[in-house]
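This report is an introduction for a reader new to the structure. Please look at the sequence and the model together before reading on.

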Amino acid sequence: MDAKHYADLYRRILTENIMPFWLKYGLDPVNGGVYTCLDRDGALMDSTKSVWFQGRFGYVTAAAYRFIEPNPEWLAASKSCIDFIEAHCFDPADGRMYFEVTADGRPLRKRRYVFSECFAAIAMSEYSLASGDKTYAEKALRLFKDIRRFISTPGILEPKYMETQPAIGHSITMILINTASRIREAIPDPVLDEQIAESIERLRLFIHPEFKALLETVTPTGELIDTCAGRIINPGHCIETAWFLLEESKYRGWDPELTKMALQILDWSWDWGWDPEFGGIINFRDCKGFPCQDYSQDMKFWWPQTEAVIATLYAYQASGDEKYLQMHQMAHDWMMAHLPDPEYPEWFGYLHRDGSVAQPAKGNIFKGPFHIPRMLIKSHQLLTE
């Protein structure tokens with residue numbers, strides 16, 4: 001494997017294809033922040049703004065400034081997204097963030113999750129590192145402490161399930177590892193290490209060796225919920241979790257126990273997720289082999305493919321096992337064969353199982369400039385190392 005070739009390729013895709021698309025069509029020069037509901041050619045389909053993408057793009061542009069090149073447009077874009085967040089995206093009644101707002105920042109919808117807060121926090125911490133302005137790291141830390149309060153105080157966040165069937169979710173557990181680690185780089189604080197340790201321990205509740213799987217939802221004590229929803233495996237989420245754990249292991253000087261845990265999750269999730277017939281990582285599987293009820297269960301979304309590219313590079317760096325280079329090549333080849341648009345910049349996000357395009361828009365409330373540019377930045381870093 002020619003690491004320099006791939007590092008240069010990922011950098012070139014980021015600087016010549018992905019970032020120019022979002023700077024040209026996504027940035028809002030009137031109100032600030034970024035639009036994400038863009039058609040294949042960049043045409044604006046809907047001026048509704050995804051709040052979590054204000055944080056996501058704020059993070060990506062600052063990270064690109066730090067690790068790819070000090071492009072002042074990128075740093076300005078990051079600041080624009082953060083300014084929009086601070087001016088419009090917090091509910092003054094309770095301090096929580098909205099999920100969708102209008103183009104000029106009027107609230108449309110709030111959800112019971114704290115993902116908007118998590119992405120805003122990593123945007124602020126990354127901007128602090130890129131700009132040298134420490135006040136944004138302090139803002140990120142304060143917001144993170146609010147996140148901890150929101151999820152630990154009964155009554156603030158509405159539970160997903162009634163008390164009849166108490167459950168806990170994998171997604172918030174894994175995202176707090178990444179959120180805390182990104183903030184820690186800008187402003188070390190004991191609460192960040194505490195959260196990472198808590199989340200790692202909590203992750204063990206979702207690991208079920210009898211199915212060789214990490215489940216998305218379990219009881220508060222880690223038991224299987226034997227329903228369609230309770231048996232779900234989300235391979236993309238699990239693969240993303242694996243590299244979050246490997247990143248933390250690397251920070252600790254390659255913690256052997258944490259590395260082993262991460263590689264086991266990656267191996268299991270690859271086996272569940274990789275489609276032997278058509279290639280690519282499939283959306284959902286049932287741990288007992290039953291049909292999944294989600295209508296997109298056999299589709300190939302963009303983000304599991306990009307997470308597999310990152311995770312396999314981290315796994316090779318951690319283990320030296322060449323099987324992870326082979327897995328990386330498989331993930332890379334499928335991604336490059338199916339996601340890039342041959343006519344317009346940016347990549348497709350929603351594909352059928354056979355890799356054909358399900359819909360060609362480049363963004364919406366859920367897809368935007370995050371997983372693809374983050375993959376290009378992280379992979380460039382890892383391959384350069």
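How many of the 17 residues of α6 are buried? The answer is 14, so α6 is largely enclosed by the rest of the structure. The model is a predicted one, and the values below are computed from it.

## Helix α6 and serine 181

Helix α6 covers residues 170-186. Its end C-alpha atoms lie 26 Å apart, which agrees with the 24 Å that its 17 residues should span at 1.5 Å a residue.

Serine 181 is one of the residues in α6. Its relative accessible area is 7%, so serine 181 is buried, the cut-off being under 20%. A polar atom of the serine 181 side chain lies 2.9 Å from the backbone oxygen of asparagine 178. When neighbours within four places in sequence are left aside, serine 181 is in contact with Ile196, Glu247 and Glu248.

## Helix α2 and alanine 63

Helix α2 runs over residues 51-67. Of its 17 residues, 14 are buried, so α2 is largely enclosed by the rest of the structure. From first C-alpha to last, α2 reaches 25 Å, close to the 24 Å expected at 1.5 Å a residue.

Alanine 63 is found in this helix. With a relative accessibility of 2%, alanine 63 counts as buried. Not counting residues up to four places away in sequence, alanine 63 touches Ile68, Glu126 and Ile377. Aspartate 286 is 223 residues from alanine 63 in sequence, and the two C-alpha atoms are 36 Å apart in space.

## Helix α9 and its cap

Helix α9 is formed by residues 256-273 and has 18 residues. The distance from its first C-alpha to its last is 25 Å, close to the 26 Å expected at 1.5 Å a residue. Of the 18 residues, 13 are buried, and α9 is mostly covered.

Which residue caps the N-terminal end of α9? The cap is aspartate 255, with a side-chain oxygen 3.0 Å from the backbone nitrogen of glutamate 257.

## Where α8 meets α10

Helix α8 (residues 235-251) packs with helix α10 (residues 302-319) at an angle of about 35°. The axes of the two helices are 8 Å apart, and the crossing is left-handed. On the α8 side the residues that meet α10 include Gly236, Ile239, Trp243 and Leu246. On the α10 side, the residues that meet α8 include Trp303, Ala308, Ala311 and Tyr314. The residues of this contact divide into eleven nonpolar, three polar and four charged.

Glutamate 307 belongs to α10 and is among the residues that meet α8. Is glutamate 307 buried or exposed? At 0% relative accessibility, glutamate 307 counts as buried. Its side chain is joined to that of tryptophan 243 by a polar contact of 2.7 Å. A polar contact of 3.5 Å joins the side chains of glutamate 307 and threonine 306. Leaving aside neighbours within four places in sequence, glutamate 307 is in contact with Gly236, Ile239, Glu240, Trp243, His371 and Arg374.

## Residues in loops

Most residues other than glycine have a negative phi. Lysine 212 has a positive phi of about 50° although it is not a glycine. Lysine 212 is found in the loop between β5 (207-208) and β6 (213-214), and with a relative accessible area of 51% it is exposed. Glutamate 346 is not a glycine either, and its phi is positive, near 70°. This residue, glutamate 346, lies in the loop between α11 (323-338) and β11 (350-351). Its relative accessibility is 0%, so glutamate 346 counts as buried.

Alanine 229 lies in the loop between β7 (217-218) and β8 (232-233). Its relative accessibility of 31% means that alanine 229 counts as partly exposed. Valine 218 is eleven residues from alanine 229 along the chain, and their C-alpha atoms are separated by 9.6 Å.

Terms used:
Residues are numbered from 1 along each chain as its sequence is written. This is a predicted model: local features need pLDDT of at least 70, side-chain atom pairs count only at pLDDT 80 or more; totals for chains, interfaces and linings use all residues. Side-chain values use heavy atoms; hydrogens and water are left out. Helices (H or I, at least four residues) and strands (E, at least two) are DSSP runs, numbered from the N terminus. The expected span of a helix is 1.5 Å times one less than its number of residues. Buried means under 20% relative accessible area, exposed over 50%, partly exposed in between (1.4 Å probe, protein chains only). A polar contact is a pair of N or O atoms within 3.5 Å; within protein, one must be able to donate a hydrogen and the other to accept it, and residues adjacent in sequence count only if both atoms are side-chain atoms. Contact means heavy atoms within 4.5 Å. Axes are lines fitted to C-alpha atoms, for helices over the stretch in contact, and angles run from 0 to 180 degrees between N-to-C directions. A crossing is left-handed if the near helix is turned anticlockwise from the far one by less than a right angle, and right-handed if clockwise. Ala, Val, Leu, Ile, Met, Phe, Trp, Tyr, Cys and Pro count as nonpolar, Asp, Glu, Lys and Arg as charged, and the others, Gly among them, as polar.
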